[in-house]
Structure formats: C-alpha cells, structure tokens
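Please look over the sequence and the structure shown here before reading on.

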Amino acid sequence: MNEPDYSLVSKTIRWGTALLFAVGSTLFLGSSTPRPVSATGHILRNSSRSWPYSFPCRIHEGSNKDLFVMTLGDVKTPLADGVFNPVKDEVVLNDGRVIRNYYRDSLGIKFYRPIDKKDFPLPPSGWCSWYYYYQSVDASQIRQNARWIAKNLKAYGAKFVQIDDGWQGKGHGAGDNRNWFKVNDRFKPGMNKVAAFIKSLGLTPGIWLAPQGQSSPTVVKDHPGAFILDADTSVSKTWEGMYLVDPSSKAGLNYLKSLFTMLKGWGYDYFKIDGQPIVIQQYRGKEAFMKHPSDNADSLYRATLETIRKTIGKKRYLLGCWGIPNPGIGIMNGSRTGGDVVLGWSGFMTSLTATMHWYFLNNVVWYCDPDAMLLRYPLTLNQARAWATMQGLTGEALMASDRLPDLSSARVRILQSVFPAQNIRPLDLFPSRRLKHIWDLKINHLGRNYDVVGLFDFNQKNTKTIFLNWKDLGYSDSSVIQVFDFWNKEYLGAWKKGMAVTISPTSCRVLTLLQSDGQIQLISTNRHITQGYTDLVSLASNKSGTDFHGESMVIGGEKYALYFAYPRGRNFVVRSATAGNLKVHVVGHQGWAKVEFTSPKSAKIKWHVGFAPATYYHYPVSTPYGLSIRAESLHGVMLKWDDQYNLNLGCEVYLNGRLAGYAPTNVFPLNGLNPDATYHVAVRSVWEDGTESQEADTASFELRRLLPETVSMGNLKPAGDGVAVGNSSFAGSEISIGGVCYESGIGVRANSETAFDVSKLYAKFAAMVGVDNNDGGRSGSIEFFVYGDGHELWHSGPVAYGSAAVPVSVDIKGITSLVLKTVSSGGGNGVKLADWADARLENTTRQEK
C-alpha cells in the first residue's frame, strides 16, 4: 500500500539530475510538478516508497548519551547503526550482521506488526475535552471549541474533536457513570446531534469510553452471559466498572458489537477506549469465572479488540488508553503510553517520561500518544513552547486539551506552530530510561538536509548550558553550520565544531542547523516547527545561488516568512521579491534576511527572491578578559569570562590548542575531562565571519584541585542509563519527604538504579531518603540501597509514604562507581516517587593521587 503524506512536498531533485526551467532571464534548477491539494489545504502526495519500507536506525546510544534522534523524510545519517526492515522485523547492521525478530525478541513486543497507515497516514491531530472540563463537559462547550477549531486550527491540520468522560451515565467516577447506553442530560438532544454538528464543520467527532466495563445492573441483566459473574455477583469491581465483559463468551463479544454499532451509528469515527491495562490484569485472574476458561489473558483481551475493530471497520481510529496495553498492537491505531498529565510542569514530565520510554514504538507499530498537550496559563510561555516542542519534534499523536477560545494570541501561535503532527519516526529503536536534553530531528526535504534540534532544561531552578557538538549530530569536524533560532525567529550565525546554548529552567531552545554550502541558503520558514516540510512545495535556485524560486502552501490571513542565511563573511541585499500579486515585506540584516507576505486565503503561492552583493561590515574584535574556571561536575568545568566592553559576536574556546567550540555569551562548558590531567584553555573574541582576536585570555587547570569539599549530587549527571531528576522530585515538583522540603537532591522512580562515576574523588556519601510527599499512590513503601563498585554499602529497610526521611552516611573512599537503587516493597503498587534528598559527596580527596 502507498503511504500518503499530507505535507507540502515535491520530489527531491538533486543538482546533477535536475530539470531546467526559466523564469524571466534566469535559469533555474527545478523540482517536479507539485501534487494536488487536499480539501484541508495540504499537499497530498505519495511517498516515492511504499510503507512498510526499511529505514535507518540506532539500536543503542552513541557517545553522547544525552542525544535523542528522530527522522523525517528519506534521511541518511552516519549516526545509524544499520537499517530496520519492518516487514521482516529485522535489523541489518552496518557490518552486515543481522538481528532477526528485533521488536518481538529484543524489545519484547510479543504481537509485533508494522503499523497500517493506509487510512491514517499521519498521527491524529485535534482536541480532547478532558483536561479542561473533566466530567463536567457539556454539548455547548463541545460546540464552542469545535467552532474555534474550524476557524483557527483546521487550516493548520487539526481534524479530530474528541469528547471525553462525562457524556455518559450520571454522577462522577464509576457507579452509574459507566453505563454507556445512558446519555447524560448535559448532552441533550443527543450524542448523534453533537457528532453531526462537528462533521458539519469539516471535522471528525471522537468519543471516550471504557467499553469492557459496565456499571448498570439493568444492562447486565439485559445481556445474559456477557459479563464475568459468580452466580449473580460481579467478580471484577474496578475503575473500569462494577462489571467486566466476559471475553470468552459469544454473549460478551456480541455486547461489545452492539455497543460500538450504536456509537458508530451516532456518527463517531474516533474511539478512545480507556482502562485497558486494568482489563488485561483482570482477565489474568478471573479465568475460572468465564464461560470458556483460558489461561491466555492476552488472547482473551485481543478478542475484545478484534470484535471492536470488526464492528467499527478500518477507517475509524481506535486509541488504547492508559498506560500502555501492548497486547493491542496490530489492532489499535494508537495507544497512550503513560499516565494522565496535569496542568503544571509535572504534567509535562509525565508526558516526557512516556515519550522517553516508549517512543521506539511510534510510527512503527502504532502512533504513540504521550497524552494531551496543555499550553494555557499558569504555564509560562517558555513552558508552553517546551511542551509544544516535545510534541512537534516527535510526531506523536497531537491532541490539545485547553479551552481553546481562552488562549492568548501568543499561545495560539505556539499551538499552530506544531499542527499537524508529522510523519516522524524514531532513529533510536530502543527504550530510554534517561531523560535526554538534546532532541535531534533530522529532515530531508527538497534536497534540504537539515536538523531541527530541541534543547531542554527540565529543572525548575537552575539555568542549564549545553554544548551542542556538531560531531555528535553526524557532521564532520570541518563543517561550518548555519544556526537559526526557531521560536525567536533569529539567525545566530555560522560556526565550527559546536555551540554553547544556555537554557532557562523549565524551557527549551529550538535551533535549525544547516551545513553551509558557501552560497545563500533558505534556512527556515515560520509555518511549522519542521520549518519547510509542511509548507514548501518546491524550491530551486540558479547556479550562482543568488535567485530563488519556490512555491509554498500558506494559511489564509497569516503572515508567511522565508528566512535566508548568507555565506559566512559575505553580505547581500534582497534586490527583488515577488509572491504572486501579494505585497511582499523584506527585512534585511547583515548575514540574513526575512521575506514575508500574507495571502487573504489559504493557497499555494509561487514566490521569487533575488539577491545582490552588499557591503560587509567588520569590527576588529579585542582580547577577552576575566577568565575563570569552576568545577561543574566530577568530570567537567564551566569557563566564564567578563562581559566584554567592546563589540564582538561571542568567543571561540580552545582546549589544549584545538578549537572546542563557540560561545555566544560568556560561559562555556567543558565535559568528559580526566580529573587528574592538566588542561590548557584559551578564549578568543570572534566576529561573525570567524575572525578572532589576535590575543587570547588563557588559563591552565587540573580538575581534581578545583573540586569543592562538598558536591551536591543533584548537579551531577548519571553515568549509566538510569533516570534521575536533579534538585526536584521525579515528577518535577520540589523534593518533599514527611512534610519537610529540601532545596537539593535527586528524584527517581521506584525500582530504579542510578549510577554515578565518582572516580575515587570523595570519601563520603550522605543523603536523606524517603517517599516524596507528591506521590499519588500514598500506599506501600520503598527500600533504598547504596552500592559501591558492585558491593552493597547500605540499605534502609522499608520506608513508607508519609514517614520522616531516613538519614544516610556511607564511607565511599576508594570507590569508583556509586549506585543508588530503589525497590518497591510491602504493597508498593501505590508509591512511585523516591527521593535522595540533600544527596551529596563529602570530604574530597583532591590532595590525594
């Protein structure tokens, strides 16, 4: 089957085999004829390949364990370990070795099957009612949000309007609220009328339910043999409902058929079925009470899904929820991959954790859904951009869940910048327990090979500076990389080796990276976070690279901008710019230019931009001063120098005589250092053409001698793949144990191991341990263990929720690897958040070698 892609693209034409065509007197290298436009205003094209097709993959982390990689388009990258064949479930490594049944056996995906993309070529994009209205939703609010979507978001790719819990039964929670045959009075005159209204706007109605559960004794009585009973008494009373469908009986499956026949008849084409892990768990323990007992709970569960699928057909979307019901693979179109989010940074962290652990399934076996995206106040604009960036760079299911008419214009623009979800796939085919800070989306479109990189600071307190190393992303050491800031719409120059990027707490930066080819280049567009993939239909330039001709799909009434970067050390002006008969606005800068126009209606617009050489201004930069060095970790330092009085574009940093990278501000991190080695650093001011100051500010250091007497472990990076959040709970809130709050420490999940390379640098480890006050489980306990070089050094015994923190003090002199381990105990199905509060290393051995 072909894989349609509703993005704006045309066939990639490479320079050696391009078509030639003329515009005026200019000869262009051109792209193929654009594809027809769909009713939603997106270009409808078929990929040059048919899904399922092979694609590049990594099966383990590279040298930078903080890097998370995705791809969009036909990407080739030296980061790949090999190629994955989704039909064969097989990885062929670069050295020729073959790993067969990779998802099934290596990753434990028992029911592996490639995603069927025929009817849903892209992940769903739309709106869910739950995280604003919860169970107080009503028909009028659904209509109001649907109207807003039709007016403000439909042209951007929004399609689905999903009504969540609250349309059915009466009351709240379980009880009568789980009677799917009774419509709540708030939805009079009927759910069919609401669906019809949504469809009248050109949108697709969706509905939530927990179908295997039921709460009405009358419904159960009317469907004899359909539910699991002991005599007349239910043996399964859970969140799903007071009664549970018997999957082994024909009556049970017929009940599901009648239920979904009714919902389908109302006009719903998107079904979110909740509580699925509960259903699977219950089927594993209730076999004796079933009509036809079986010890294969997965098969029993899949029988309910297959009945639902057969009833609704393949053209309606089926989403599993919550947690991750893996046995639904091959039947569901998508699945939630984590718990419910909340309005706040901890909600973002919930979605982030789900993405980190389960993203390897996305667009391979189904569309992952890390839960709804929230952008409203009191989230800051930086936090809203971070949440949107997480969704936009991964191509997971994209469902907003705010009261959309209330969003400010700034938040609406953030929303529109990531709609719709794109055909993005993981390069990294393995789960990650680490919360990674560098997200690299590699894109190939119309001959443009570029990276959209998200850099995150998940911490709520401290500013983070990350060194973005071009080599880690697959670029060569000699590459000059053009850099553009997407959210701030600003060109940041062209630099070698890499760049230090400073990120505020609970925020992100999104940088577009494009390898310079020595000519003028289109570096970004403003329509979508993928910066050209959704909107550029064609793109070409003349041989000298001074005239560009293209076609873009633009949104009616919205400013559309093209951003061009100039070759390093050269300057140009826009000598001509046209966009059909539209008025064009040009903003010129040294090093780059913006060309902007607005169409009164959504349409494909042909445009042309011509450039002419211009005077280049050069400032003679002077030597920086005030260099200082501070130990930032056990294996890294932070360089800092004074803010400079004289003009410059930042500084370039040298380590032992070799260029380390570029810093736009006055700080630069150096990591991966040997604590016992001596290093020499030099810092030179630099102009945008790469010209450096003649003299440098220099210093030498030995890291061991810079280490303080006490180090907070909340500022250290784990050595292995363990997940730890520094200076906050794992949920992102302030560390709090037994009612006492702590400024520093490490937040982890229960049943975790977090390793630190302490390199025999300290003599003592100390902390206060306990279950975090913000843990929603509030039952059970957690045990804490400390290991040094594989040997147990200390353990706490069970620590219950609400208990006072337990002190830890352990001798670690001579220890290289320190491991902090947590284990649920004593009914630990509830508590999940464990804290190593005020965790620290004491009594440095810096004078000893």
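This is a predicted model: local features need pLDDT of at least 70, side-chain atom pairs count only at pLDDT 80 or more; totals for chains, interfaces and linings use all residues.

Residues are numbered from 1 along each chain as its sequence is written, and side-chain values use heavy atoms, with hydrogens and water left out.

The predictor's confidence in each residue is given as pLDDT, on a scale from 0 to 100. The protein has a mean pLDDT of 91, and 93% of its residues reach 70 or more. Over residues 1-47, pLDDT stays under 50. For residues 1-47 the model has 133 contacts beyond four places in sequence, a contact being heavy atoms within 4.5 Å.

Helices and strands are named here as DSSP runs, numbered from the N terminus (helices are H or I with at least four residues, strands are E with at least two). Two strands count as paired if DSSP finds at least two bridges between them. Strands of a sheet pair through backbone hydrogen bonds, either parallel or antiparallel.

Leu 209 has Ile 273 in β17 as its bridge partner.

Is Cys 128 buried or exposed? Cys 128 is buried, with a relative accessible area of 3%, where buried means under 20%, exposed over 50% and partly exposed in between (1.4 Å probe, protein chains only). Cys 741, by contrast, is partly exposed at 46% relative accessible area. Beyond its neighbours within four places in sequence, Cys 128 is in contact with Gln 162, Asp 164, Lys 272, Met 399, Ala 400 and Ser 401. Arg 403 is 275 residues from Cys 128 along the chain, and their C-alpha atoms are separated by 9.8 Å.

A disulfide is a covalent bond between the sulfur atoms of two cysteines. Here it is counted as a pair of cysteine sulfur atoms within 2.5 Å. The structure holds zero disulfides. For Cys 128, the nearest cysteine sulfur is that of Cys 321, 8.7 Å away.

Cys 321 also takes part in a cis peptide bond, which joins Cys 321 to Trp 322 with omega at about -15°. Trp 322 is in the loop between β18 (317-320) and β19 (334-336). Another cis bond runs from Phe 419 to Pro 420, with omega near -5°. Pro 420 is in the loop between α11 (409-416) and β22 (425-426).

Helix α9 (residues 345-358) has 14 residues. From its first C-alpha to its last, α9 reaches 20 Å, close to the 20 Å expected at 1.5 Å a residue; the expected span is 1.5 Å times one less than the number of residues. Of the 14 residues of α9, 11 are buried, among them Trp 345, Phe 348, Leu 352 and Trp 358.

A second open sheet has four strands in the order β31-β32-β37-β34, with antiparallel pairing. Since β31 (536-541) and β34 (571-579) stand at the edges with a single partner strand each, one side of each is left without a neighbour in the sheet. Neighbouring strands here are turned by 20° against each other on average, direction ignored. β31 and β32 (residues 547-554) pair over five bridges in the antiparallel sense, and Ser 538 has Glu 551 in β32 as its bridge partner.

Lastly, two residues other than glycine have positive phi values: Thr 506, near 45°, and Asn 656, near 50°. Thr 506 is in the loop between β28 (498-503) and β29 (507-515), and is buried at 8% relative accessible area. Asn 656 is in the loop between β40 (651-655) and β41 (658-663), and is partly exposed at 42%.

Conventions: Axes are lines fitted to C-alpha atoms, for helices over the stretch in contact, and angles run from 0 to 180 degrees between N-to-C directions.
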